[in-house]
Amino acid sequence: MATLLISLHPEPFSPHDCLASWYQSQAAAHDVASLDDGRAIHPDRPGVAAGPLTGAAAAGGPPAGASAAEAAAAEAIFIGRVRGLTSAGAALEALELEHYPGMCEAQLERLAADCARSHGVLAVLVAHRVGRLLPGEAIVLVAVMADRRGPAQRCCQELLELLKHDAPFWKREWAGGQGEWIQGNTPL
Amino acid sequence: MASEIQVRLFASLREQAGWAQRGFSLANGEPPATPASVWRQLELGPLPISVRVAVNQHFARLDQPLQNGDELAFLPPISGG
């Protein structure tokens, strides 16, 4: 069973800081797991998943005898950033991201757990912005640890597509003082 | 006794309707109320085929029977990531 870490960020976040905290949390999860007969527990750890809208779930622990960070031979990372142009080609002033509080976090956890299970990976991290974003800001981070590159990359890609279509987020592009809700997603 | 649910709208649906959340009384009897029947009674026009529904924060079918205390949400096309 994989360890899941899900967080929503109302303010700009640094994907690289998120990743650094994730590595620390993986090592700490191992410490907890080793004290609890292999069952991982995910206590809230300030700084691990920054932002007030945070959910953390552990569906199991890393392999006995090693933390996932030590054991993972493969890691796939995707970082998505806000484009400088709207879908109509105008200069983007801002991107507004609305979400359904509660369902959004729960749905991200369900999608991550299903995806992790089907690909047999060790750990999954999802960090997603909400609120008003500026061009160039990070909007989503998905990272997956696995024993092989195939499961890591496939899980990362599949989870990204799933959250684009099945997690309740809505984008509105602002340009020229006008906002327009986006219908659907950009092509893969 | 009348049953009451909460109805929530998001994004473009919320702005078109002019409200985000409201209580809604379900009529007792058969057939039971469903997301589709509630939408008709909201008088917000035809339900766009691209709109999905969630009941108690899980995706649900348009014909799922509703119960007292349910939270029903109408979700326009999702665009995350």
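Start in chain A by selecting strands β6, β4, β8 and β9: together they form an open sheet of four strands, in the order β6-β4-β8-β9, with antiparallel pairing. Keep in mind as you go that this is a predicted model. Now colour the two edges of the sheet, β6 (131-133) and β9 (178-181) of chain A, each of which pairs on one side only. Turn the view until you look across the strands, and you can follow a twist that averages 25 degrees from one strand to the next.

Next, zoom in on strand β8 of chain A, residues 169-175. Four bridges join β8(A) to β9(A), and the two strands run antiparallel. Within this pairing, pick A:Arg172 and look across to β9(A): the residue standing opposite is A:Trp181.

Stay with A:Arg172 and show its side chain. Is A:Arg172 buried or exposed? A:Arg172 is buried, because its relative accessible area is 9%, which falls under the 20% cut-off for buried residues. Which side chain of chain A meets A:Arg172 in a salt bridge? Select A:Glu96, and you will find the two joined at 3.1 Å, N to O. This pair links distant parts of the chain: A:Arg172 is in strand β8 of chain A, while A:Glu96 is in strand β4 (residues 94-99), 76 residues apart. As a general point, side chains of opposite charge can pair when their charged atoms come close.

Now bring chain B into view and select B:Glu15. This residue also forms a salt bridge with A:Arg172, with the closest N and O atoms 2.8 Å apart. Here the pair crosses between chains, from helix α1 of chain B to strand β8 of chain A. B:Glu15 counts as partly exposed, at 39% relative accessibility. Over all chains, a search of the whole structure finds nine salt bridges.

For another of these pairs, go to helix α3 of chain A, residues 103-119. Select A:Arg117 and A:Asp114, which form a salt bridge with their closest N and O atoms 3.2 Å apart. Because they are three residues apart in the helix, A:Arg117 and A:Asp114 are separated by about one helical turn. An α-helix has 3.6 residues a turn, so residues three or four places apart point the same way. Check the surface too: A:Arg117 is exposed, at 52% relative accessible area, and A:Asp114 is partly exposed, at 44%.

Rings come next. Select A:Tyr100, A:Trp170 and B:Phe10, which form one aromatic cluster. The whole structure has four aromatic pairs over all chains. Then look at two arginines in chain B: the charged end of B:Arg22 sits over the ring of B:Trp19, 5.3 Å from its centre, and B:Arg52 lies over the face of B:Phe59, at 4.0 Å from the ring centre.

Finish at helix α2 of chain B, residues 35-42. Which residues of this helix are buried? They are B:Pro35, B:Ser37, B:Val38, B:Trp39 and B:Leu42. To see what covers them, show elements of chain B including β1 (3-9), α1 (11-17), β2 (21-26), β3 (52-55) and β5 (71-75).

Key. Residues numbered from 1 in each chain as written. Chains lettered and ligands numbered in written order. Predicted model: local features only at pLDDT ≥ 70, side-chain atom pairs only at ≥ 80, totals over all residues. Heavy atoms only, no water. Pairing = 2+ DSSP bridges. Axes fitted to C-alpha atoms, helices over the stretch in contact; angles between N-to-C directions. Buried < 20%, exposed > 50% of the residue type's maximum accessible area, 1.4 Å probe, protein only. Contact = heavy atoms within 4.5 Å. Salt bridge = Lys/Arg side-chain N within 4 Å of Asp/Glu carboxyl O. Phe/Tyr/Trp six-rings, centres within 6.5 Å; stacked < 30°, edge-to-face > 60°. Lys NZ or Arg CZ within 6 Å of the ring centre and 35° of its normal.
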